[in-house]
Each structure stands twice: as C-alpha cells, then as structure tokens.
Amino acid sequence: MTEIAALLLKSAFACYLLSANLYLLHVAVRRPVLWRSAFGLVLTGFALHSACLGLRWYLAGYLPVTNLFSTLFFFSWALAATYLYFELRYRIHASGLFIMLLNLLLLGTALTRDTALRPLIPALDTPLFTLHIVFSFLGYAFFAMAFSIGVLYLVQKRLASRLLPELALLRQLNEESVFLGFCFFTLCMIFGSIWAYVAWGYYFSWNIKGLMSFLVWLFYGGMCHAKFVRRWQGTGYALLSIAGFAIVLFTYLGIGLLMSSNHPLD
Amino acid sequence: MSTRSWPHTAWKWLCSLKLAIVLASLATLLGLGGALLIPFNPAIFGGMDGMPLGRWLATFGSRHLGMTWWLWLGGALILLLGINTACCFIDWLRNLRARWRKTGEYLIHLGFVLLLGAYLWGSLAGFRSEGTRIAVGETIAISNMPGYSLRLDAFEPIMNSSGRPVDMRNELTLLKGESVLVRKVVKTNQPLTWRGLAVLAASFDQDNDGFLFDLAGQGRIELRNGSRLALADGGQLSVRQYLPHAIRLGNGQVVAGGNTPVDPALLCEITRPGQAPRQQWYFLRGPLPQWLTQSDLRLIPRAPVYSPVSILTVNRDPGAAMAMAGAAAMTAGVVLAMLSFYYKRGRGDRPSL
Ligand code: HEM
C-alpha cells in the first residue's frame, strides 16, 4: 500500500511538471491544444495527488499533516486545488504558473523526505486539529495565489502584454483570492482556538506563532476593506498582496524552521 | 460646527471604514515588530499563558514597559477597532431593511466584537492555575472560587504498546458544597467545563503516601493515612498521618521534610476501650517502638508504596461562552459571506465611502 502511495505521488509530480512545461510553451506559442493538454495533465496530476492523499489518510487513520513531509504534501495539494479553481473559473492558464511552480517546489522537496506514517498522539487526535490544518493550508494557498496575481498585475501594468490577462480581470482575481483566503483562514483560526481551549484551557496563546497568525488574519481582514478605497485598488492591492504573503511565509516557514514554538514543523 | 452635528460627526467617524483600515494597519505593523520580541525575551513573555492577560499586564507588563509598550498600544488600537466594528455593526442594524443581503459580512463583524469583548472579560475577571495535584479520593477546594471543589474519583494512566504513558483518564466531580454539579471523564482534549471553568488533565505523577509491612501472622499490609488495624486486646491502631521524610525538631515536634521516602514515619493513634486515645510517631528506620510491641503488633517495614496523583490545570474564563458565541457568529458569517460573494460579484457592489 505504501508503495502505491509513493507511486501515486511520483506520478502526480510528473504530471504537474509536464503540465508546467506545456503552459510555458503555451506562453510562447499560443495553441489551444497546448493549454488543453496542460490542463488535462493538471487534472490528472491532481486526481493522482488526491488519491495519494486519500490513501495516506486511510492508511494512517487520520489526515496525515503532522510532520514536514505531510505538511508540504498537503500544502502542495491545496495549491493545486486553488490553481484548478481559478483555471476552471477564469481560464487563467499560464497566469497561475507561479502557483504550479510553487506546488512543484513543495512536492519536489517533499519527495526527498521521510514519508512514514506514525501513530497519532492523543493531543492531535481530534477533528478540530484536522479542520484547523485543512483550513490553514487552504487559506495559505489562496494567499499565495493573491501574491502571484499581484506580481502579474504589476508586470502587466508595465508591459500591457497581450499574453497576460487584462488588468481588470487580474484585479478581480486578486480580490477574490484575498477574500477566499481570508474566509478559510478565519475558519482555521476559529477551529484552532477551540482546540487550544480544550487542550490548554485558553483559546489564545501568546507565542510568536499565535500572535503572527492573528496579525496575518488582521492584515487580510484589513485588505478585505482596502479594496473599497479607491487609492488601494489595483496597484495598491497588488503590493499589499505581496506584503501579506511575506508575512505568511514568515509565519509558516520562518517560525517553524528558525525558532522553537508550540507549532514545530518536524 | 453646531452642537447637533458633532455627535453625528463622531458617530460617522466611529463607523468609518477608513478608520478601520488605519487601525488594522497600525496594529499589524506594531504587532509584527512586537511579536519578534516574544521568543527572545522568555523571562518577560514566557509566562504570558500562565495567567490572564490583565494580570500579566499589571505585573510583567507594567514592570518592563520598555519591552511591553507595544502590547499596551496594540491593545488600545485593537480595542478601538472593536468599538469601530461595533458601531459599524449597529449602523448596519439600523439600515437592515436595505442592507440585509450583507448579513454574512456583518455576522463576521459581530463575531469579532463578541470575541474581543469575551477576551477582555476573561483577561480582567478570569484566573489560571497549573500544576494542581490531586490524589484518588481526594477533594480539593478551587482557589478563587469559594465553596467549589473538585474530587478525583478514579485515575488511570493510559499507556501505548511500548509502555509509554500517552494519556490519562480522570474521573472528576465538580462540587458546590456537598452537591454535585458535574461529573466527567477528563482526558487529553476532553476537559471538564462548567460556566467558564475548565479543568484539564495536564500530567500525572506518583506520591509516596504509605508503606508496605510484613505483619507476623497476618501477611503483608499497606499502611497509609486513614488505615486501621485491630489489636489483639480489643483496641485499635489508626494511622493519622504518613510522612515520607519526617524530621523531629529540638522541641519534639515532627515536621515534613519532603516527598521522597528518606526517613518515613507514621503518626499512630491507639484507642482502647475505657482509655483516652494516645498518639505517637513511629519512625520506620528505627527499632519497633515499645508501645507497638506491647500491643503485640510485630510490623516489619518492607517498601514505600506509591499512588498516582493527577496534575490538573484549573482555569476560569467567564467570557468563554461569549467567545464561543462570537466564533459561531463568525463561522456562520464566513459561510454566508462566501455564498453571497459570487452573487455580489455579478452585481459589482461597493459600499459608499
Ligand atoms: C477586525 C475587524 C473586521 C473584520 C475581520 C472584518 C471583516 C470583513 C470582511 C471579511 C468583509 C467582507 C469583504 C468582502 O465582501 O469582500 C467585510 C466587509 C466590510 N466591512 Fe469589515 N471587518 C472588520 C472591521 C470593520 C470595521 C471596523 C468596519 C467599519 C467601518 C467595517 C466595515 C465593513 C464594510 C462597510 C464592509 C463591506 C460590506 C459590503 O460588502 O457592503 N469592517 N469586513
């Protein structure tokens, strides 16, 4: 069974890799067949990725998101899901390439890591933990999408290229990513707080990870309003999306890898 | 400015979206800087979770103002943001007829106000205590809640396949005076909760609370506080106290010196019909005292005996139910807001600024 999981994982990686190359080719040579094949490969990759996730979930008896391998693996799954959402809804094609590259990077890093499934310790044995993790990575994935759309917006503003989507669409995508990311992240914070309450007896912990997560939430909450202020629309929003993602990266990776906290990564 | 217009202006200002953005941005920037101080100053910030925020601010927070000023200022900004959000929500309620489609968004706002209010309440009126030790059968008073007590009815550590303790099972009863309020099996992630009180299983330990003896003619017996033995002459020996490390002071008084069985001793009371009870200390390392041999009790001390003690966290947060209501409002709000998002997108709605 674990060999099947490994095979699924490698096949998913191969599909994503091939698809990213086809999308890149599509930027240079505009042929519908290219993006259609690329899209088909993302779909296949995502199906394999989901099957692998489902199999590991079944084998472990819990959603495996407890060590560095499984969080990278799950984050990359969330990124792929986010990409698919925007591709299906807006046909963004290569505009979502950053997300696919990030996905490949995460999955590639995960491939080299220990994939063993260990018995769950009682502290993590609660649906609150699963909900907390699932929503946090969905939130992060949408924030990553907002970042990449923000960068594209700035590029497009300069180049006014016909290869990239129009500014108005990019702006809309950017706002949508931030809003959805904020919604998921809110749910992540709520389930995390309830879990903290039943595990520690208080629902907010004053450590750097807790405070930074609250700030991430506040920042994107603020962004949900900034889009109503003319000065912050478009370029301002793109810049805010980039800044927000920097805070997210610090909160997820910086603290997890550089400092000790009650949210260790490995 | 006319006197009629200033409350109106103040209200508009308090309801303003721009104020919300400014406050959220300032609080975020301030917090980003401050958060970095937390891991590098454990002497100041390390104990923050051990007490309600109000108490921490009154002690550590005001003693180290140079390091904590950002928390005071950030707290003030968040409080103002809470007031801003509350006003915004009230303003929406007043125009509900025209703006009911925004119910999801405004439930998020209501949730934030409730959560903030709850946190403030808990920070000012709650308490936290860690490391409360309780043995099976013992009843302990909850400090800070006069009249309330906790009783541990049963305890059992839960081991994994390799024999390592992974969880514990506490059968706990919360009492007010003599009457039972709640009974609950408390384990990891399963606290006993009652009106803001949360009792959690934090850890466990064992206490040396008695001694194992060979008793000539009767086999092995354990003696601990409360044990009784019938004497051949119709009298009775009752153990009144067991000390693992007993120290006899110069004036003859015996006091406790620690929890490890260094010099264990039993305070025994002998009662005989028609005689006044007599209490005497029996130091187990010494020879069997005459008053025991006279009673024909030939006790031979063998080994200390241990009983498990549960270590509990006992916290009270009077705002907990309000926080839960806030979380529920926010969750419902997020779901509704997401549902209505796609609908609104089509119409290109923007609030007036
Ligand atoms: C931390 C506090 C706050 C949070 C988490 C929050 C969250 C949100 C969210 C998620 C939205 C939906 C955005 C969207 O439709 O894309 C929203 C909309 C809005 N918020 Fe807030 N908000 C907060 C504070 C405030 C405050 C203080 C005001 C007061 C002015 C305010 C006014 C508004 C308005 C006017 C909207 C637009 C509703 C509409 O679509 O018509 N918010 N807020």
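At what angle do α1(A) and helix α4 (residues 97-111) of chain A pack, and how far apart are their axes? The angle is about 150° and the axes lie 10 Å apart. This is a predicted model, in which local features need pLDDT of at least 70 and side-chain atom pairs count only at pLDDT 80 or more. Residues are numbered from 1 along each chain as its sequence is written, and side-chain values use heavy atoms.

**View 1. Helices α1(A) and α4(A).** Because angles over 145 degrees count as roughly antiparallel, α1(A) and α4(A) are roughly antiparallel to each other. Helices are DSSP runs (H or I, at least four residues). Residues in contact (heavy atoms within 4.5 Å) include A:Phe13, A:Tyr16 and A:Leu17 of α1(A) and A:Met100, A:Leu104 and A:Leu107 of α4(A).

**View 2. Helices α1(A) and α3(A).** The axes of α1 (residues 2-28) and α3 (residues 68-90), both of chain A, come within 13 Å and cross at roughly 40°. A:Leu9, A:Tyr16 and A:Tyr23 in α1(A) meet residues of α3(A), including A:Phe73 and A:Ala80.

**View 3. Surroundings of A:Tyr16.** Leaving aside neighbours within four places in sequence, A:Tyr16 is in contact with residues including A:Val42, A:Phe46, A:His49 and A:Asn103.

**View 4. The largest nonpolar core.** This core (buried Ala, Val, Leu, Ile, Met, Phe, Trp, Tyr and Cys residues joined through side-chain atoms within 4.5 Å) has 140 residues. Buried means under 20% relative accessible area (1.4 Å probe, protein chains only). A:Tyr16, A:Tyr23, A:Trp217, A:Tyr220 and B:Trp56 have the most contacts inside the core. Apart from it lies another core, of 21 residues, among them B:Phe155 and B:Leu312.

How values were computed:
Chains lettered and ligands numbered in written order. Buried < 20%, exposed > 50% of the residue type's maximum accessible area, 1.4 Å probe, protein only. Axes fitted to C-alpha atoms, helices over the stretch in contact; angles between N-to-C directions. Helix = DSSP H or I, 4+ residues; strand = E, 2+ residues; numbered from the N terminus. Parallel < 35°, antiparallel > 145°, perpendicular 65-115°, else oblique.
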